[in-house]
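Look over the sequence and the fold, then read on.

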Amino acid sequence: MKEHTFLNIINPVRDKMYRMALRLLISKEAAEDATQEVILKLWNRKDRIKHYANIEAFAMKVTKNYCLDQLKSKQNSNLRIVHANYETTNISLQSEIEVNDELEWLGRIVATLPEQQKIIFQLRDVEQFEFEEIAEIMDMKPTAIRVALSRARKAIRENLIKKHNYGIT
Amino acid sequence: MELHNIEKLLERYEEGKTSLAEEKLLRKFFKNEDVPDHWRKQQMIFRFSAEEAEKKLKSTPQIRSGKDWYLKESIAAILIVAMGLFFYYDPAKELNENDLGTITEEEVALEKAKETLAMVSQFMNEGKSELIYLKEFNNTTHKIIKID
């Protein structure tokens, strides 16, 4: 496989991989590094990649496993610290600030979910994968995925209501 | 879109039973600004996932890594060291026929051998004469036993 063909396959997936890494590792830098590492891994295994029916799902699976390994390894335990990811954006409207605040809260709520639910929520609600694909990525049965997804969705809504009512999560 | 329908879809959404097409309908519905107040939370969630999907990787991934280079370099270095050890040539350690002093003439060889053996026996006798003192050991112990 040529470099060019490989990049053509990877380019549509790489943002999804990055978002998955970001969901799990939280820090933007760590997520970027992880995406880079996973793409390299895939490149090194390029001869086998051709045989996978669903390269996208395979890439997501490798990303997921890599990030979970990163979280497990001791050196990266500091990644658990929530990064603020400060950015200078021009927000002029009060309502926009409120909306961003709410969205930020949602990000924090999602971050408190168990890793499995977090990943499934990311794959389904953000990336809109089919259940069969998620089953492939997660090595789980589709029914189990539906259960986990349902739990994640309910937990997010309940936490959001709780936050709204008491101002805490 | 009937609100009743949305209600049902939302219920199934929370059960994890909606299909991608149905979720698309929900997404489309909640994209609208004017949704009933009791669905504000759901709207936030849908907006959140839509926003999350917009995040993009800023850096372009590189395929050629520094790691690869590192591996090749280290293999080359190990090879060089291994070859150096294997083919190392030290003339000083080379065995030389002349250095051994091998004697080719038979008579001279016999004489030399005799000389060497005589020297060995001479040193043997010298050493053996020193052993006489060992007798003193017996003498002294004898005396001690007598006292007893």
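## Helix α7 of chain A

Helix α7 of chain A covers residues 131–138, and its buried residues are Ile134(A), Glu136(A), Ile137(A) and Met138(A). Buried means that 20 or more other C-beta atoms lie within 10 Å of the residue's own; exposed means 12 or fewer, partly exposed lies in between, and C-beta atoms are placed from the backbone. Helices (H or I, at least four residues) and strands (E, at least two) are DSSP runs, numbered from the N terminus.

Contact here means that the C-beta atoms of two residues, placed from the backbone, lie within 7 Å. Just after α7(A) comes Asp139(A), with a positive phi of about 60°.

## How the model is read

This is a predicted model: local features need pLDDT of at least 70, side-chain atom pairs count only at pLDDT 80 or more, and totals for chains, interfaces and linings use all residues. Residues are numbered from 1 along each chain as its sequence is written, while chains are lettered from A and ligands numbered from 1 in the order in which they are written.

## Chain A overall

Chain A has eight helices and zero strands. Of its 169 residues, 35% are buried. Among contacts in chain A with a separation of 6 or more, 64% join residues 24 or more positions apart.

## Helix α8 of chain A

What span should the 25 residues of α8(A) have at 1.5 Å a residue? The expected span is 1.5 Å times one less than the number of residues. That gives 36 Å for α8(A), and its end C-alpha atoms are 36 Å apart, which agrees.

The buried residues of α8(A) include Ile145(A), Leu149(A), Arg153(A) and Leu160(A).

## Where chain A meets chain B

The contact takes 30 residues from chain A and 24 residues from chain B. On the chain A side, α1 (3–25), α2 (28–44), α5 (94–112), α6 and α8 each give two or more residues. The largest share, ten residues, comes from α8(A). The chain A side divides into 13 nonpolar, four polar and 13 charged residues. Ala, Val, Leu, Ile, Met, Phe, Trp, Tyr, Cys and Pro count as nonpolar; Asp, Glu, Lys and Arg as charged; the others, Gly among them, as polar.

The axes of α8(A) and helix α1 (residues 3–15) of chain B come within 6 Å and cross at roughly 115°. Ser150(A), Arg153(A) and Lys154(A) of α8(A) make this contact with Tyr13(B), Glu14(B) and Glu15(B) of α1(B). Axes are lines fitted to C-alpha atoms, for helices over the stretch in contact, and angles run from 0 to 180 degrees between N-to-C directions.
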